[in-house]
Amino acid sequence: MTDATLWMVDADAVTDADLLRFRDWLSAGELARYQRFVRAQRLRQFVVGRVLLRMALGRLLNVAPREIQLEEQVGKAPLLVSPVVKGGMPGFSIAHSGRWVACVVSAQTALGLDIEMLDAGRDLAALAAQVFDAPEISRWQGLPEARRVDGFYRMWSEKEARFKLGEGVGGHCVAVPHGELSVVVCSGQPLDQGPRIEVVSLA
């Protein structure tokens, strides 16, 4: 059976005191990256994402979250360095948008995750020109007007999730329903069922 677990947390609900405490969970490489961020929201998203990932991997691997050691990789997802996993590395991916931070993990397959706030007020045509190629723009413009907003974010999320999954992996992508977000999970192997969102608290 190939499955995945999708965890999500409202980063704005995490207190400043908890954020300070969670910084102690970060590796030296993660702290160095953390210190390069300027915006307060991005600092919050980064810490919350790394703690959420450790919690999800900890449950998957049956170890305490603080035993999860991650190593930074330039332009890539972090590398799991401890604990050593026999029989293949778990797949995982992190994403954030607005107040939401999410991660998805699987013991059986590589993963890519993207989430995007659904914002009809943005200039979607201008964004499409930046992020889509010509066939994608044509496909988006061919959607009925009532489906343009959802369709744009669905296409954008899938494009980002496929990129995170990695070139040459192929990818089986599913959209996961959410009231505020476009959520797409892409997996190297098809999932037996789409992951359900588990909203958790870091307190």
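Analyst: A disulfide is taken here as a pair of cysteine sulfur atoms within 2.5 Å. The model under discussion is predicted. By that rule, the count comes to one disulfide. The bond joins Cys173 to Cys186, with an S to S distance of 2.0 Å. Cys173 belongs to strand E7 (residues 172-176) and Cys186 to strand E8 (residues 181-187); the two positions are 13 residues apart, and the pair links distant parts of the chain. The torsion about the S-S bond of Cys173 and Cys186 is about 105 degrees, so the disulfide is right-handed.

Both partners can be classed by their accessibility, for which buried means under 20% relative accessible area. Cys173 has a relative accessibility of 18% and therefore counts as buried. Cys186, at 0% relative accessibility, counts as buried too. Cys103 must be considered separately. The closest cysteine sulfur to that of Cys103 is in Cys186, 16 Å away, which is too far for a bond. Cys103 has 0% relative accessibility and so counts as buried.

The largest pocket has a volume of about 1,100 Å³. Its lining comprises 38 residues, of which Lys76, Ala77, Pro78, Ile94 and Lys164 are the closest to its centre. Several elements each supply at least two residues of this lining: helices H2 (28-34), H3 (40-61) and H6 (148-165), together with strands E3 (79-82), E4 (91-97) and E6 (111-117). The largest share, seven residues, comes from E4. Sorted by class, the lining of the largest pocket holds 16 nonpolar, 11 polar and 11 charged residues.

The second largest pocket has a volume of about 200 Å³. Its lining consists of Met1, Asp3, Ala4, Thr5, Leu6, Arg59, Gln193, Gly194, Pro195, Arg196, Ile197 and Glu198. Strand E1 (5-10) and strand E9 (197-199) are the elements that give two or more residues to this lining. By class, the lining of the second largest pocket divides into five nonpolar, three polar and four charged residues.

Glu198 lies in strand E9 and is partly exposed, with a relative accessible area of 29%. Glu198 and Trp7 are 191 residues apart in sequence, yet their C-alpha atoms are 4.9 Å apart in space. With neighbours within four places in sequence left aside, Glu198 is in contact with Thr5, Leu6, Trp7, Met8 and Arg59.

Within H4, Leu124, Leu127 and Ala128 are buried. Seen down the axis of H4, the buried residues fall within an arc of 105 degrees, so they line one face of the helix. The face turned away from that buried side carries the exposed residues Ala129 and Gln130. The buried residues of H4 pack against helix H5 (134-141) and H6. Helix H6 also supplies at least two residues to the lining of the largest pocket.

Notes:
Residues are numbered from 1 along each chain as its sequence is written. This is a predicted model: local features need pLDDT of at least 70, side-chain atom pairs count only at pLDDT 80 or more; totals for chains, interfaces and linings use all residues. Side-chain values use heavy atoms; hydrogens and water are left out. On a 1 Å grid over the protein atoms alone, a cavity is a set of points where a 1.4 Å probe fits but cannot get out, and a pocket is an open set with protein on both sides within 12 Å along at least five of seven lines; lining residues have an atom within 4 Å of a point. Grid points are joined across faces, edges and corners, and a volume is the space filled by probe spheres set on the points. Helices (H or I, at least four residues) and strands (E, at least two) are DSSP runs, numbered from the N terminus. Ala, Val, Leu, Ile, Met, Phe, Trp, Tyr, Cys and Pro count as nonpolar, Asp, Glu, Lys and Arg as charged, and the others, Gly among them, as polar. Buried means under 20% relative accessible area, exposed over 50%, partly exposed in between (1.4 Å probe, protein chains only). The arc is that of the directions from the helix axis to the C-beta atoms. Contact means heavy atoms within 4.5 Å.
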